[in-house]
Amino acid sequence: MKYFDLHCDTVTAMADGNTDTAVSLKKTTSFERYSQAFAIWLDDSVSAEAAFEKACGYYRYYKEHILFSSNARFTPFFTLENAVSFGNDINNIAVWRERCVKTVTLTWNGANSLGFGCGFPCESGLTAFGKEALSEMNRLGIIADVSHLNRQGFYDCLSLSKLPVIASHSNCHALCPHERNLDDKQLNALFSSGGLLGICFYPLFLGAGNVFELLYEHIYHALLLGGENSVCFGSDFDGAKMAEDLDSLEKVTQLWSYLSEKGFGNELLEKIFYENAHCFFQTVA
């Protein structure tokens, strides 16, 4: 099977001393091809003044420990989670583009100079700097990631971005009413604009129950809303505590088997597990 994952926190986990990560190349032996977006995550406690240099340190780790391993079977992607990594300097966006950043999650759960995270259910969306930064990202071909944004910020991104956006690791609010999940109106808007939804493995965003059945239900719901060409995965491996049945990369093959047994055909599975994300990044970013 081929597998494309829009989000993991493995780089920051490894750089911070975790030696037993859920994601590693030795766990991909059953994958014909494997593409992984590696996020550099900064939490809301990091000041804008310190953020750029801190993120640069994580980037050096990514370059030395992940990027060198790329080959015909393994394609790593570099992403930023929390645009505080811009350091409040519009010129730093070009620096990140030179380092081949593909996507940027504009906020984490709190507020930064670009906008407000999901922890701020307010009517305010992107700030003036956030709108300027989004325009610069568009110019440079960097995709905006709306996971973690509050509702108004989500709609600001969709209305202002000249490029499709992604929700790298979010699920369906109708099935699990967590603030990090997207409601049906948001999902319809995301799908109709050509964006991607990375279904997340984190139980808190899925609900209570068997993780494979819950993932099936979230995927099926998104498909009913028109997401056949948009649904993919954003596991959040190494960034959240996962269910034991799906807490490591090699167990993704069991998810394929489960979804197949639930009636998903191979063509649909190939789209969800790989082709939707692969085609997006081949044509958009």
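Helices (H or I, at least four residues) and strands (E, at least two) are DSSP runs, numbered from the N terminus. With those labels in hand, let's walk through the structure.

This is a predicted model, so a few ground rules apply: local features need pLDDT of at least 70, side-chain atom pairs count only at pLDDT 80 or more, and totals for chains, interfaces and linings use all residues. Residues are numbered from 1 along each chain as its sequence is written, and side-chain values use heavy atoms, with hydrogens and water left out.

Start with strand E1, residues 2-8. Six of its seven residues are buried (under 20% relative accessible area; exposed is over 50%, partly exposed in between, using a 1.4 Å probe and protein chains only). That is why E1 counts as largely enclosed by the rest of the structure. Its partner is strand E2 (residues 33-41): the two run parallel and are joined by five bridges, where pairing takes at least two bridges found by DSSP.

**A loop with two asparagines**

Next, go to the loop between strand E3 (74-81) and helix H3 (92-98), where Asn 82 is found. Phi of Asn 82 is near 100°, a positive value in a residue other than glycine. Asn 88 lies in the loop between E3 and H3 as well, and its phi is near 60°, again positive in a residue other than glycine. Asn 88, at 42% relative accessibility, counts as partly exposed.

**Helices that pack**

Now for helix H9 (residues 252-261), which meets helices H8 (211-224) and H10 (266-283). Axes here are lines fitted to C-alpha atoms, for helices over the stretch in contact, and angles run from 0 to 180 degrees between N-to-C directions.

The axes of H9 and H10 come within 10 Å and cross at roughly 145°. H9 passes H10 in a right-handed crossing; right-handed means the near helix is turned clockwise from the far one by less than a right angle, left-handed anticlockwise. Contact means heavy atoms within 4.5 Å. On the H9 side, the residues are Val 252, Leu 255, Trp 256, Leu 259 and Ser 260, and they meet Asn 266, Leu 269, Glu 270 and Phe 273 in H10. By class, that gives six nonpolar, two polar and one charged. For these classes, Ala, Val, Leu, Ile, Met, Phe, Trp, Tyr, Cys and Pro count as nonpolar, Asp, Glu, Lys and Arg as charged, and the others, Gly among them, as polar.

H8 and H9 pack at an angle of about 65°, with their axes 10 Å apart. This crossing of H8 and H9 is right-handed. Phe 212, Glu 213, Leu 215, Tyr 216 and Ile 219 in H8 meet Gln 254, Leu 255, Tyr 258 and Leu 259 in H9. The residues split into seven nonpolar, one polar and one charged.

**Salt bridges**

Side chains of opposite charge can pair when their charged atoms come close. A salt bridge here is a side-chain nitrogen of Lys or Arg within 4 Å of a carboxyl oxygen of Asp or Glu. How many are there by this rule? The count comes to five, including these:

| Salt bridge | N to O distance |
|---|---|
| Arg 151 and Asp 183 | 2.2 Å |
| Lys 271 and Glu 228 | 3.2 Å |
| Asp 247 and Lys 251 | 2.8 Å |

Lys 271 lies in helix H10 and Glu 228 in the loop between H8 and strand E8 (231-233), so the pair ties together parts that are 43 residues apart in sequence. Lys 271 is buried at 16% relative accessible area, whereas Glu 228 is partly exposed at 41%. Arg 151 is partly exposed at 40% relative accessibility, and Asp 247 is partly exposed too, with a relative accessible area of 31%.

**One last stop**

Finally, find Ala 174 in the loop between strand E6 and helix H6. Leaving out residues up to four places away in sequence, Ala 174 touches Asp 184 and His 221. The C-alpha atoms of Ala 174 and Ser 45 are separated by 31 Å, and the two residues sit 129 residues apart along the chain.
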